Structure formats: structure tokens, C-alpha cells
Amino acid sequence: MEYKDTLNLPQTSFPIKFNFRDREPQLLEHWSGENIYGLIQKKGHDKYVLHDGPPYPNGDIHLGHALNKILKDIVVKFRSMEGYSVPFVPGWDCHGLPIETQLLKELSVRRSSLSVYEFRQKCREYALKYVETQKEEFKRLGIFGRWDAPYLTLNPEYEAGVIELFGIMADKGYIFKSLKPIHWCPSCETALAEAEIEYEDDESPSIFVRFDVKSAADVPHAEHLRHASFIIWTTTPWTLPSNVAIAVHPEFEYAFVENNGHTYVIAKELVEPSAKSMGWTDSKITGSAKGAELEGIVCSHPFIDRDSIVVMDEFVTLETGTGCVHIAPGHGEEDFKVGLKYKLPIVMPVDPKGCFTSEVPFLEGTHVWKANPIVLEKLKEKGALLSSEKMKHQYPHCWRCKRPVIFRATEQWFVSVDHDGLRSKALKEIEKTKWFPAWGQNRIGSMVEGRPDWCISRQRSWGIPIPAFYCKKCGIPNYKGKFNKAVVDMASKEGTDAWFVKEASDILPKGLKCEKCGGAEFEKETDIMDVWLESGSSHFAVLRSDEKTFSWPADLYLEGSDQHRGWFQSSLLLSLAGNGAAPFKTVLTHGFMVDADREKISKSKSGGYEKPQTAEAYVKKYGADVVRLWVASQDFRNDIIVSEERINKVGETYRGIRNALRYQLSNLYDFDPERHAVAADQLTGLDRWILGEFARLEAEVVAAYEASEFHVVYQKLSQFVAVELSAVYHDVIKDRLYTDPAASRRRRSTQTTLHRLVAGLCQLWSPILVFTADEAWEFIPGKPTACVHLSHWQARGLQCETAEIATWQNLFALRQLALPALEQARQAKQIGKSLEARLTISGRGALMAAAADDGEALRELLNVSALELVDRAEDPPTVAVTRAAGQKCERCWHWKTDIGAHPQHPTLCRRCVEAVEQRAV
């Protein structure tokens, strides 16, 4: 007889290698055909809503997109497994400059050659093309969601929702139009909001300029000031043509400094550094005055026939410069406020392209970035330039074109952040919201605390129009009540493209009159809305508009940390203004994918070498599950470095996980849980030990999922698989699984344990390893659901008594003492394999008591053929290794003294004889 044929050797069709290129798409097709996402929504009663922030459909998804959607999917699948109904409706932000920019690159045509309507149609086609592309790429990552009906900001119902919210806010007084200086991108020719500004290092001229006093009558110290000059410092010489004032701080002490026979006014604390910068070597202070005493002095503009008035404001600091600040109300927020206070003229000689107008003849047609050297030459010509050098500093740049922006006073639409206490309400809601990481609260709080009014108008074509009608008679904009409702009705039926082809009279109901003068003829606004207003309205246009699918507010918003000043903030302000509460309960942020040089990976970045851009490239090479496992392995609260080495390392972990699942499944080929399962109190001590360890693991993993600490989930699960399972339990149970009688209680106990373990592991891994967990789930006998993602979380470990836990801790302590002795015996060639050994452990105390209570368990843990325990006063216990007595069993390879006792099986031990004869029955 071939005794090897009588062994209970593992059997399974679950492949050792994951053919992800074929298997993952097959599972995706299966899930789609079976409507797994739809079935998941039906199984839960309470809702858990993770609201998706919309990316731009302007290219293939990169690893940053993959990170974001995978993290969301982990949350969705875990909460679903907990029993919630977790609707996940993906969205896309389809309007705005990113779409226009990419489209124009691909079209290779001049924007002016197309009508607004034609251009919008091409933008729509472009956006929808990439919505479909990105949708398939996200689905390939195993992301569950309502892919057949996502929310798109270009859909008529969404556009109508945004316009309706605009109207609600307008009726409440949050919306206004005003002349104010705003960030303006000359390259994109549009206004920008704070969220669209990035700060980069830039080099600018650093200059000191004299403004000669023209009139100092009726002010103290007139005798010092009659022939004096104020000195200003600036890094934007091109703004000097717009200067109308010089600001001083009312409380600062200003010195009258004599140098080379002339008197200059400088803040006293800044005299020394200013003199050094200007190269003064022989200067002296002849007097001083408080800033408040200088108010009203009239200076001459250095090269324009215009007065520059000395004014007071507390924004002036002593950090840099001279304490005398050049004021151009058209080119700065603080300057503008000073201008309003003193009723100063707002000079704006710069057109939308960033070029000077005829208002400054010597600069007419010159771009602001080329104007600096011309202005410096003019200052030199007038003898007003005291010093000039280059300096590097942080300067605002456009988020899209990456070019420097300017402050430019224009008529724009705004959301008032202080109307009806909106700012203070936002700060209170920020305190009530849970932020992960916790520092997010301070970050967004400081941004809201210091932000200006929100500029919401853009001078572009692709977006939702500002729904305002200008009265032809009096010129005021009408945008509330019935005016807004008319646009909502139009958008919901036809979309906002209709705005650009219809006349105002075609949109408005007949008989509607101007709110101010009663005029009946109107012109439409040509500006469109800021895309942040569009996307930030999603809580209203999506969540509030579909109460059957969603609950409000959302349980979770999850995006990159840049959204503290973007989507999180716009959503918060709009929700508070429109709904009176924050749209979220919890906000979780992640870092960015960066390359080895810690450069952020995004579509708008490029370098001198190829960077890992598309997620598809990594999915093709490693499979979606390994990419997901790698994402989960990272502490996403920080930036994540992308490298082949790191992903390959996670790939090795994946293979260990897959091998462990395969081992467990392969030993369940003859196990039917309905007929063969062993009750928990009848399991062997070793099986109860691993299930006790698994119970501890389950609690820790679930807690980590709850806290969104997915890297902790990865660490704990992968460590358990590698250590407690693969290095210990799986290794120890091979003998009982393979050589015990197939139906023996000990083998059925272990199969019961493996069944519980593999089901539990599939569930615990399923939010991360979406394909592998479901593939393995298919092979589990008696599984409760056809798909792991339809299963409800059920703890499968067991809680052991304290005494039982202590016993096994002592047994493992003895094992740790014995293993080095076995290794020494092997190296000394005293034994070969550990089954050739007989161990004698001598000692007394708790460790020996545990061994005495279950010596067979200890022998099995050590995988030796014989074990003797000797009661002797030795602490710690000592271990002696000798060769085991008897002969080697042909079937189980244990060395036994009972071999030959059965005449029909002279080479087998008693246990193997029993197994062979039972198998023959």
C-alpha cells in the first residue's frame, strides 16, 4: 500500500498565484451582472453617507485619484459590512478653467474663433469623454458606487440646484456685487478666489522710493517736514502708477532722519536696517513724531502729476520696509479698505490681459511683468529711487496656469462671509465637526478666520452663469425671487447652455419689472460662477435633493488636505448660508502621492523625467488589489512616496496573505460546517488559543477601521498572518490535519477553526483586498452569502478565560526556551529534523505546571516525537535534547516505540494504523 495516498493532503482550486489580469475583470463583470452594489444598499437600514468630492474629468486618473477613491471605498465597504446602507454616488466637477485649458490644448484653435455656445458644446463633449474614461478606471480599482447615475455638475438638475441655492443666499443677503481688488490672473483673464491661489518662490525688485512732501501745513512738526520726503519700500514697482497715498501706523514713532542734507521720514525702529539697505553711512535723527501727527500731509507722486496723501492704518507693521506703506487701492485688499476709509480714488490702469492702458502713457501696452524695469528707470530719472536690489519671496500664483497673479480692482460678485455672522457660525461648526487628523480643525479654522469676502464671478465661458439681469433703464442687477426662479426653471428643463443662446426676455416671465425702477427690459450677466461655488453646492444639489438615497448632513467628507481651503470650506460656507448647518459630521483628509523627490504627482505637474502619473500603469503591472493593499499600508495622513521598491514589498505581503488563505481553504475540502463543526467548548486547546488570538485581532482591526487608521489594519492583519498563523499555527497543525483520521475530533476541531479563520479573514480583508477576499470567499464551504461584500460582519474568534490564556502564554514561553536547544542539536548533527528529537524539560513553577496540564499540546507545539517533564527545582527550566527512541513511522514520520505492533501495517505507528483502517472502511 502507498501510505502517502492515505494522507489527508490539502486540496483546493483556489490558485496559488492570482491571475489578476483575467480574474479581476471577471469579478468586476460578475459583480455588475449580479448588481452587487444594489444588493448591498438593500441589506442595511440605517444610512451611512460618504459624500464624494468631484474631481475634474480632464485626463486619465493618476495615483492621487486612486488614493482618494480607494480610501473612500475602504470606508464604504467596511461600513456596509457593519450593516449600514452606504450609498456612494461618485461625482465629477465638469465646468471651469481646467476643462477649458485642456480642451484648448487639444483643439489647437483660437478661442475667439468659436462662439460661446460652440465652445461650451466642445467643453461638454470633452468633459463627458473623460467622465467615461475615469469612470472605467475607478471601477477597475474595485470601487463600488452608483456608476450608472453619478452626479455631474453639468447635468441640468445639478445646475438648477446651484442656481436655486444662489437664489436662497441672495434672498438672505449673502450675495452682492461690488468694485473690489481681487486676485486676477492675466494669463487666464479671470478673477480668482483664495482657494485658487498657490504661493511659489519668485524674484522681485526690492526698492526704496522717496515721496517729497508737497504740503505740511496744519500738522505738528511742520518745520521738519516742509522740505522732507517719506520713504516707501515695495517689491511691486509696477503698482506705483496707481499710488494715491502713504500709510503710517498711528502709534509708531517716526524719525526725521537727515542724510546728505535732506530730511527723510522713517519709522524709528526701522531707521538702521533701512539706512543699511540704502547705503547711508552718515545720517542722524533730528526729531520724531507719532504716526497720528503725520496724517494729512500731502506728498507728490514721484513721476505722475498726482498727490499722495499720508493716511493712518494699523495694518502697517515694523517687520520690513520703512513703516511708510505705498497705497494703491486698486491693487490690494488692505489698500482698498484704506481707500474706502479716506475716500481715495481707485486708480486702475491695467486691463484684463495685464497690460497698461493709455492712463499711463509711458507704459501703455506694456505687460505688468515687463513694466518693473521701465518704472525703475523713470524713478531714477526723477531722482526718486534710493535703492534697488533683487529679493526672493513667496508670491501668489494661479492654481491652473502656475503663473503669477496680480491684485486688480474690478466689479465682481461676492459672497459676504460676515453677513449675518456667517464667519462666526462657520468657526462654531468647525469646532463641532470631527477632524481627522485633528490638526485639520486649526488649519481650516485659521483660514476661515482670516479669509476675505468670497469672489464668486469668473470671466470665462464654461460654467454656470451668474443668474443676474441688468435693468437697461437704471443698470442695477436683479437676481432675487422671481428672477432667480425663472433661471432655475430654465436650467432644470434645458440646462444652462440656454442662457447663452436666449435673450433675457425669453427667460423671464412676461411682466416682470426691475426691483428698483420698474423697468421691463434687461440684459444678462456675462460672468459665470466660481467652480468652487458649483462643487461646494453639492450638499444641496445632491444630498438635499435626493432624501430617498441620502441622509443629511453627510457622515463623512474625505479629500486631500488642500481641500481645507477648497471644497471643505466652500461646502461649509454655502451650507451654513443656505441650510443653517455644516454639511458634514466628520472630515478626513489625506496627504498627496509624491515621487522620490517629494514632488506632488498630479496632471498639472511635469518634470525632466517620467513620473508615475496614471493609476492604470500600476494596475496593469501589479493588479488592483496590490495597489489597494499598498494604499492601505501607508499612513495616508502624510504624503506618500511612490516607489517600485515599496510596492514590491507590499506585493510580497500580498503573496503571504494569499498563501495563508489558500492553506486554510485547501484543508477544508472534506469539511461541511453543518455536519462537522465542533462546538467552541469542545475545540482543542491549540484551536481555542488561535481563535482567542483572532478575537483580539478582530477587535483591534475593527477599531482601526472605525478610526480610519487603515495602515494599522494592514499592520495588524499582515502581522497576524505572518506570525501567529503562518509561523506558528499553520505549521503546527499540519501533522494533525494530514495524518489524523479524517473524521477524528481533533482534525474536525482544527477544520472548524480554519473555517472560522478563513471566513473572518476574508471579511476583515474585504474592504481592502476586494477581489482576493471575494475570490477566496467562493471556496469557503457553507458560506452565508454568495459574495463576501454582501456579508454582515460577524466576530468569529472566541473569548478565552483568563486561566486558559495564562496556560497558553506559559506553553509558548516554554517553546521559546526549547527552540534554541533544538537548533543547537541540529547544528551539532545530533538530530536532523525536530521529529527525531526527544526533549526533557526540567523545572518547577507556573511554566512547568502549564506543561504538566497539557504536555501533548507542548509536544505538538515543539513538533518533537517525545517529551518528558521532570519536576526539579530549576528556574528557569532547563532543556535537554536526545534522539527519540523507537523507529520512524513511514506515514507520519514520528519516531515511535509502538511501530510493528500491527502485523498488517508493520511500519506504522498506532495512530496511523487507526487512520488507515478508518479510511479503508
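Predicted model: local features only at pLDDT ≥ 70, side-chain atom pairs only at ≥ 80, totals over all residues.

Q: Is Thr-433 buried or exposed?

A: Buried. Its relative accessibility is 5%, and the cut-off for buried is under 20%.

Q: What does Thr-433 touch, beyond its neighbours within four places in sequence?

A: A run of four: Phe-584, Lys-585, Thr-586 and Val-587. Thr-433 and Val-587 are 154 residues apart in sequence, yet their C-alpha atoms are 7.3 Å apart in space.

Q: Back to H11. How do the axes of H11 and H12 cross?

A: At roughly 175 degrees, with the axes coming within 10 Å. H12 covers residues 439-450. Angles over 145 degrees count as roughly antiparallel, so H11 and H12 are roughly antiparallel to each other.

Q: Which residues meet there?

A: From H11, Arg-423, Ala-426, Leu-427, Ile-430 and Glu-431. From H12, Gln-441, Ile-444, Gly-445, Val-448, Glu-449 and Gly-450. By class, that contact has five nonpolar, three polar and three charged residues.

Q: Now H24 and H25. At what angle do they pack?

A: About 155 degrees, with the axes 8 Å apart. H24 is residues 745-765 and H25 is residues 770-777. The pair is therefore roughly antiparallel. H24 passes H25 in a left-handed crossing.

Q: Which residues make the contact?

A: H24 brings Ala-759, Cys-762, Gln-763 and Trp-765. H25 brings Ala-773, Ala-776 and Trp-777. The classes are six nonpolar, one polar and no charged.

Q: What else does Trp-765 touch?

A: Leaving out residues up to four places away in sequence, Trp-765 touches Leu-629, Ile-657, Tyr-714, Leu-717, Ser-718, Val-721 and Ala-773.

Q: Which members of the largest nonpolar core touch the most other members?

A: Leu-629, Tyr-729, Trp-765 and Ile-768, out of 139 residues. Helix H23 (residues 710-739) gives the most to this core, with 14 residues. There is also a second, separate core of 77 residues. Val-531, Ala-554, Phe-568 and Val-587 are included in that second core.

Q: Different region. Which residues of H4 are buried?

A: Leu-97, Pro-98, Ile-99, Glu-100 and Leu-103, in a helix that runs 97-107. Helix H5 (116-140) is among what covers them.

Q: What follows H4?

A: Ser-108, with a positive phi near 55 degrees.

Q: And Pro-352, where is that found?

A: In the loop between helix H9 (333-342) and helix H10 (368-381). Pro-352 counts as partly exposed, because its relative accessibility is 34%.

Q: What are its contacts?

A: Pro-352 touches Trp-184, Pro-186, Glu-189 and Arg-408, not counting residues up to four places away in sequence.

Q: How far apart are Pro-352 and Ser-206?

A: 26 Å in space, C-alpha to C-alpha, and 146 residues in sequence.

Q: Last one. Which strand holds Thr-840?

A: S28, residues 837-843. Thr-840 counts as buried, because its relative accessibility is 17%. Apart from residues up to four places away in sequence, Thr-840 touches Glu-868, Val-870, Thr-878, Val-879 and Ala-880.

Methods:
Residues numbered from 1 in each chain as written. Heavy atoms only, no water. Core = buried A, V, L, I, M, F, W, Y, C linked by side-chain atoms within 4.5 Å. Buried < 20%, exposed > 50% of the residue type's maximum accessible area, 1.4 Å probe, protein only. Helix = DSSP H or I, 4+ residues; strand = E, 2+ residues; numbered from the N terminus. Contact = heavy atoms within 4.5 Å. Axes fitted to C-alpha atoms, helices over the stretch in contact; angles between N-to-C directions. Parallel < 35°, antiparallel > 145°, perpendicular 65-115°, else oblique. Left-handed = near helix turned anticlockwise from the far one by under 90°. Nonpolar A, V, L, I, M, F, W, Y, C, P; charged D, E, K, R; others polar.
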